[in-house]
Amino acid sequence: MVKAVYPGTFDPVTYGHLDVIRRASVLFDEIIIGVLHNYRKSPLFSVEERVNILKEVTKDIPNIKIKSFEGLSVDFVRDCGAQIIVRGLRAITDFEYELQMAQTNRILEPGIDTMFLTTSLEYAYLSSTTVKEVAYFGEDISKFVPPYVAEQIQNKLKAKKE
């Protein structure tokens, strides 16, 4: 059984993330989506909220598990008993950063490989940061995230403004 981990902050999960998740789900027996608690970022959603949102929007994919983690992705992958880290690439700038991380992870844990999936062209421009900014200014984000995610973002932003 080949397990892979797709780590990230997913704040919020976008159609680009879901594209990578769906495509990876047919390549591996099990995909664990690792939701990172990153102490360097101030997320819109808590780790628990991001885990719950991901559970809702991936509930139709049978070989997906969602877990939160802190620390290095490679340690989380090892703890999960996985052999592969899945990373999505949008542009060459992503590749430079992700290649460095993949090489570092390979030195830290030679038994874990990184697999890059290029994001489908229709989502190559998309980032969670862009989604949050567009939503903050009241614009339509329905082309960026599933309806459930858009609703959660709107509710969170409304609560923050009150």
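How many nonpolar, polar and charged residues does the lining of the largest pocket have? The lining has 16 nonpolar, 17 polar and nine charged residues. Here Ala, Val, Leu, Ile, Met, Phe, Trp, Tyr, Cys and Pro count as nonpolar, Asp, Glu, Lys and Arg as charged, and the others, Gly among them, as polar.

The model is predicted, with pLDDT of at least 70 required for local features and 80 or more for side-chain atom pairs, while totals for chains, interfaces and linings use all residues. Residues are numbered from 1 along each chain as its sequence is written, and side-chain values use heavy atoms, without hydrogens and water.

The largest pocket holds about 1200 Å³ of space. A pocket is an open set of points on a 1 Å grid where a 1.4 Å probe fits, with protein on both sides within 12 Å along at least five of seven lines; lining residues have an atom within 4 Å of a point. The volume is the space filled by probe spheres set on the points. Of its 42 lining residues, Gly-8, Thr-9, Lys-41, Arg-87 and Glu-98 are the closest to the centre. H4 gives the largest share of the lining, six residues. Helices (H or I, at least four residues) and strands (E, at least two) are DSSP runs, numbered from the N terminus.

Ser-120 sits in the loop between strand E5 (113-118) and H5. Its relative accessible area is 22%, so Ser-120 is partly exposed (between buried, under 20%, and exposed, over 50%; 1.4 Å probe, protein chains only). Ser-120 touches Asp-19 and Arg-23, not counting residues up to four places away in sequence; contact means heavy atoms within 4.5 Å.
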